[in-house]
Amino acid sequence: MGQEPNFENRAMIGRALRLRREIDEFEARWPAPPRREELIPSFSWTQLERQLVDLAATPAQADMARHLVSATRKLAPFKPSEMVLREILCLTWVLLDENFKGEIDPGRAEMS
């Protein structure tokens, strides 16, 4: 007898399908460049995290950098390198924005 996929499996499949759509849309908008194009120097995830922490506008954003880099690193193997680059640039923008405020927990805000 075949077993129905449980809710967690369906959610995981849904996330994978959304990621695939995001990648397809990205590649349609920005096709891969010719192979003979010059590449930028390589660096490690640790080096990226270290630099983003150092550049962050506030201590809270510096702490957030670690989590954002970790999340980006986990999905990077499945995405085109230019898509990962775009995400890194977006992370940098958020971490350097002195006016950026993370989401406020409504329960905490009322308790203050």
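## Largest pocket

The largest pocket of this predicted model holds about 840 Å³ of space. A pocket is an open set of points on a 1 Å grid, fitting a 1.4 Å probe, with protein on both sides within 12 Å along at least five of seven lines; its volume is the space filled by probe spheres set on the points. Of the 24 lining residues (an atom within 4 Å of a point), Leu39, Ile40, Ser81, Glu82 and Leu85 are the closest to the centre.

Helices H1 (7–29) and H4 (81–96) each give two or more residues to this lining, and H4 gives the most, with five. Helices are DSSP runs (H or I, at least four residues), numbered from the N terminus. The lining comprises 16 nonpolar, three polar and five charged residues.

## Helix H1

Gly14, Leu19, Ile23 and Phe26 of H1 are buried (under 20% relative accessible area, 1.4 Å probe, protein chains only). The buried residues of H1 pack against H3 (59–75) and H4.

## Lys79

Lys79 lies in the loop between H3 and H4 and counts as buried because its relative accessibility is 11%. Its side chain makes a polar contact (N or O atoms within 3.5 Å, one able to donate a hydrogen and the other to accept it) with the side chain of Glu87, at 2.5 Å. Leaving aside residues up to four places away in sequence, Lys79 touches Leu19, Ile23, Val84 and Glu87 (heavy atoms within 4.5 Å).

## Basis

Local features need pLDDT of at least 70 and side-chain atom pairs pLDDT 80 or more, whereas totals for chains, interfaces and linings use all residues. Residues are numbered from 1 along each chain as its sequence is written, and side-chain values use heavy atoms, without hydrogens and water.

Definitions and conventions
Ala, Val, Leu, Ile, Met, Phe, Trp, Tyr, Cys and Pro count as nonpolar, Asp, Glu, Lys and Arg as charged, and the others, Gly among them, as polar. Buried means under 20% relative accessible area, exposed over 50%, partly exposed in between (1.4 Å probe, protein chains only).
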